Amino acid sequence: MKTFFEFNLHHSITRAISEMGFEEATPIQEQVIPLAVSGRDLIGQAQTGTGKTAAFGIPLLEKVDVANDKIQGLVLAPTRELAIQVAEEMSKLSVYKGVKILPIYGGQDIGRQIRALKNRPHLIIATPGRLIDHMERHTIRLGDVETVVLDEADEMLNMGFLEEIQKILAQVPTERQTMLFSATMPAQIRRLADQFLKDPEHISVIPKAIKAPTIAQFYCEVAERQKFDTLCRFIDIENPDLAIIFGRTKRRVDELASGLQKRGYLAEGLHGDLSQNQRDQVMRKFREGQIELLVATDVAARGIDVSNVTHVYNFDIPQDPESYVHRVGRTGRAGREGVATTLVTPREMDHLHFIERINKFKVSKRPVPSFADAVNRQMQLAVEKLLDTMADGQMESYVALANDLLDEHDSNRLLAAAIKLLTRETSEVKVELTPETPLRSKKFKPSGGRGADHFQGKKRYDRKDNFRGRSDKRDFHKDDMRGNRKRPGGKTFREPLNV
Ligand code: ADP
Ligand code: MG
């Protein structure tokens with residue numbers, strides 16, 4: 001591992017890096033930074049959470065000439081959240097160099113963005129849809145851009161942004177440096193790279209699966225109608241600080257979040273149908289610990305970096321083995337321990353084995369917890385709380401009151417009442433969820449052929465045919481798409497939502 005001093009960066013950048021607490025470069029940074037600084041085109045492939053933002057952000061900032069007030073660099077990101085996250089991280093890295101960075105995304109008042117553009121940013125971090133908007137209004141000029149980064153390129157293609165990317169890149173001078181980052185490398189990404197990158201160096205840091213000892217992986221075989229109670233029991237038993245619960249569809253996410261709330265948990269759902277404002281609020285509450293359970297679809301949770309997630313629950317088993325790795329990787333970050341539990345219906349057991357086979361790891365079985373298990377654990381937690389409080393001391397003001405009570409009441413019963421009061425009641429409020437069709441692992445060709453299905457599912461750009469189960473269409477909804485628009489070819493497709 002290298003320290004950042006070895007890259008011979010401008011001292012204003014190394015200083016900011018040190019202040020962010022980065023001591024060593026991550027593997028992808030170690031390989032990307034020198035190559036990117038030298039001006040090469042490159043493809044960087046590494047899992048979420050490996051520091052790709054700084055890998056391209058540092059060279060971008062290094063290259064900027066702050067005396068030049070033109071837009072010199074452009075980063076494209078799939079969603080509003082990711083654009084903001086990249087802009088925030090890069091702003092921190094640039095505090096001493098004084099590079100002006102502007103995020104541009106849908107949902108924000110365009111007038112405000114136009115005014116911000118007049119402030120002459122050096123770098124733009126944009127979602128494709130909104131950037132096109134500005135290009136069409138001539139409120140942005142890309143004629144001086146020297147560096148382009150496509151971040152989370154696979155996700156941008158999954159969201160149907162190919163055409164937008166092509167349109168944007170056509171307006172950037174061909175004499176430029178282009179970098180493409182992606183967690184996965186399906187054929188469409190290679191085609192995109194062939195089209196827009198010049199003799200790129202391919203850097204990949206592929207994790208050796210996630211047998212990292214920091215994440216314990218379990219599955220629990222349970223009937224569809226018992227999944228909700230089972231989830232609640234696990235939450236009661238494991239008492240997560242912060243957990244992400246993955247649901248297959250947006251309806252599922254809504255039903256789960258409101259079911260959990262009914263049972264008294266601090267839960268909220270996150271998916272593309274929420275307004276920008278609501279999404280921001282949910283993420284902020286989650287980061288600040290005001291909610292303990294975030295219920296999300298794959299797309300909504302993708303790339304979001306929350307470091308202290310202790311538990312991941314796959315309420316629905318994911319369709320795609322890679323998606324399993326991404327979901328589970330939301331916990332156990334920054335070297336902390338994490339636990340991931342996947343609920344699997346009997347008919348989905350084959351699919352679980354398929355995920356294990358592709359990812360080359362084993363997921364251990366854990367039994368279905370009983371109601372009594374949950375109740376006992378909650379009592380135990382109450383006792384722990386009581387003992388911790390006692391160990392903390394500082395109870396002088398309560399002691400006199402305690403003495404009075406003991407004069408009048410039986411100490412056993414008194415203590416039992418205190419424990420009862422502290423015990424979180426294990427709720428059995430009835431919650432009904434709309435059942436989901438089980439996933440199938442067998443090779444499955446959608447009727448109507450590939451062409452017909454091409455724009456329908458989240459995985460329209462199929463990586464491996466055998467993932468294309470029929471739940472593709474259900475998984476999708478409007479999580480990443482909105483509205484209908486005529487393509488130039490006459491075919492109707494759904495317009496990407498610039499979230
Ligand atoms: P990716 O884009 O690969 O998913 P990010 O760039 O979002 O990953 O980085 C994940 C987290 O790791 C961020 O919180 C980031 O600040 C942190 N990080 C990045 N590089 C380093 C480093 N060299 N040392 C420590 N933390 C880092
Ligand atoms: Mg990233």
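In which sense do strand 9 and strand 11 pair, and over how many bridges? Strand 9 (residues 243-246) and strand 11 (residues 293-296) pair in the parallel sense over 4 bridges. Two strands count as paired if DSSP finds at least two bridges between them. Strands (E, at least two residues) and helices (H or I, at least four residues) are DSSP runs, numbered from the N terminus.

This is a predicted model, in which local features need pLDDT of at least 70 and side-chain atom pairs count only at pLDDT 80 or more, while totals for chains, interfaces and linings use all residues. Residues are numbered from 1 along each chain as its sequence is written, chains are lettered from A and ligands numbered from 1 in the order in which they are written, and side-chain values use heavy atoms, with hydrogens and water left out.

- On its other pairing, strand 11 is joined to strand 10 in the parallel sense over 4 bridges.
- Ala267 stands opposite Leu293, and Leu270 has Ala296 as its bridge partner.
- In a regular strand the side chains alternate between the two faces of the sheet.
- In strand 11, Leu293 and Val295 point one way and Leu294 and Ala296 the other way, and all are buried (under 20% relative accessible area; exposed is over 50%, partly exposed in between; 1.4 Å probe, protein chains only).
- Strand 10 is covered on both faces, with Ala267 and Gly269 buried on one side and Glu268 and Leu270 buried on the other.
- Glu268 and Lys285 are 17 residues apart along the chain, and their C-alpha atoms are separated by 9.3 Å.
- Lys285 belongs to helix 12 (residues 276-287) and is partly exposed, at a relative accessible area of 21%.

- Another open sheet has 7 strands in the order 3-4-2-5-6-1-7, with parallel pairing.
- Its edges are strand 3 (101-104) and strand 7 (201-205); each has a single partner strand, so one side of each is left without a neighbour in the sheet.
- On average, neighbouring strands of this sheet are turned by 15° against each other, direction ignored (axes are lines fitted to C-alpha atoms, for helices over the stretch in contact, and angles run from 0 to 180 degrees between N-to-C directions).
- Strand 3 pairs with strand 4 (residues 123-126) in the parallel sense over 4 bridges, and Ile104 has Ala126 as its bridge partner there.

**Salt bridges**

- The whole structure holds 24 salt bridges (a side-chain nitrogen of Lys or Arg within 4 Å of a carboxyl oxygen of Asp or Glu).
- Arg40 and Glu201 form a salt bridge in which the closest N and O atoms are 3.2 Å apart.
- This pair links distant parts of the chain, 161 residues apart: Arg40 is in the loop between helix 2 (27-37) and strand 1 (42-46), and Glu201 is in strand 7.
- Arg40 is partly exposed at 29% relative accessible area, and Glu201 is partly exposed at 33%.
- Arg279 and Glu81 form a salt bridge with the closest N and O atoms 2.8 Å apart.
- Here too the pair links distant parts of the chain, Arg279 in helix 12 and Glu81 in helix 4 (residues 80-93), 198 residues apart.
- Arg279 is buried at 3% relative accessibility, and Glu81 is buried at 10%.
- Asp144 and Arg141 meet in a salt bridge at 3.5 Å, N to O; Asp144 is partly exposed at 30%, whereas Arg141 is exposed at 59%.
- Glu224, Lys227, Arg252 and Asp316 are joined into one network by salt bridges that share partners.

**Cysteines**

- The disulfide count is 0, a disulfide being a pair of cysteine sulfur atoms within 2.5 Å.
- Cys220 is buried, with 0% relative accessible area, and Cys232 is buried, also with 0%.
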